[in-house]
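Please examine the sequence and the model shown here.

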Amino acid sequence: MKPPKPKDSREWRDSYYHKLFGLKAAKEAGRVLKYFEQERPRDPRPREALEAIREWAEGKRTLGMKEVRTLSLAAHAAARDVKSDAARFAAHAAGQAVGSWHAPAHALSAFGYAGRAA
């Protein structure tokens, strides 16, 4: 029998596994960030998203929904400003990685986008 699904995100947010998902997603998206930064070296949006989720996962920063939404949407917007698929997928990976704060399943999309970027 499966354990009941938490009704409130506060029951799982900041758990070890939630932070682990965020950290792994940030690491994977960070692996392909170079593709974005080669094309747009002065655009900090995807890197800022990755730094935020990494710092949160390491216990160095607190995040809230408004900030996560802003960071994620900014990284996804950055994806629209590039020409190459690799750069676009790298920016999307960063947006999904920071989104894992809100819903850990976003980490899976970060891996998917990073794989497409590579």
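Predicted model: local features only at pLDDT ≥ 70, side-chain atom pairs only at ≥ 80, totals over all residues.

Residues are numbered from 1 along each chain as its sequence is written, and side-chain values use heavy atoms, with hydrogens and water left out.

The protein contains five helices and zero strands, and its elements run α-α-α-α-α from the N terminus on. Helices (H or I, at least four residues) and strands (E, at least two) are DSSP runs, numbered from the N terminus. Of the 118 residues in the protein, 40% are buried; buried means under 20% relative accessible area, exposed means over 50%, and partly exposed lies in between, with a 1.4 Å probe and protein chains only. Contact means heavy atoms within 4.5 Å. Among the contacts with a separation of 6 or more, 67% come from residues 24 or more positions apart.

The largest nonpolar core has 32 residues, and those with the most contacts inside it are Phe 36, Leu 50, Ile 53 and Ala 97. Helix H1 (16–39), helix H2 (45–57), helix H3 (65–79), helix H4 (85–99) and helix H5 (106–117) each supply at least two residues of this core. H4 gives the most to this core, with eight residues. A nonpolar core is a set of buried Ala, Val, Leu, Ile, Met, Phe, Trp, Tyr and Cys residues joined through side-chain atoms within 4.5 Å. In soluble globular proteins, nonpolar side chains tend to be buried together. Not counting residues up to four places away in sequence, Ala 97 touches Ala 25, Ala 26, Ala 29, Leu 50, Ile 53 and Ala 110.

How many of the 15 residues of H4 are buried? Twelve are, so H4 is largely enclosed by the rest of the structure. The buried residues of H4 include Phe 89, His 92, Gln 96 and Val 98, and the buried residues of this helix pack against H1, H2, H3 and H5.

Val 68, Leu 71, Ser 72, Ala 75, His 76, Ala 77, Ala 78 and Ala 79 are the buried residues of H3, and they pack against H1, H2 and H4.

How do H3 and H4 lie relative to each other? Their axes come within 7 Å and cross at roughly 170 degrees; axes are lines fitted to C-alpha atoms, for helices over the stretch in contact, and angles run from 0 to 180 degrees between N-to-C directions. H3 and H4 are therefore roughly antiparallel to each other, a term for angles over 145 degrees. The residues of this contact divide into eight nonpolar, six polar and one charged. Here Ala, Val, Leu, Ile, Met, Phe, Trp, Tyr, Cys and Pro count as nonpolar, Asp, Glu, Lys and Arg as charged, and the others, Gly among them, as polar. One of the H3 residues in this contact is His 76, which is buried with a relative accessible area of 14%. Leaving aside neighbours within four places in sequence, His 76 is in contact with His 92, Gly 95 and Gln 96.

Lys 83 is in the loop between H3 and H4 and, at 77% relative accessibility, counts as exposed. Beyond its neighbours within four places in sequence, Lys 83 contacts Glu 39 and Arg 88; the C-alpha atoms of Lys 83 and Glu 39, 44 residues apart along the chain, are separated by 8.2 Å.

The loop between H2 and H3 holds Gly 59, which counts as exposed at 56% relative accessibility. Gly 64 is also found in the loop between H2 and H3, but Gly 64 is partly exposed, with a relative accessible area of 28%. From C-alpha to C-alpha, Gly 64 and Trp 101 are 8.7 Å apart in space and 37 residues apart in sequence.

Conventions
Parallel < 35°, antiparallel > 145°, perpendicular 65-115°, else oblique.
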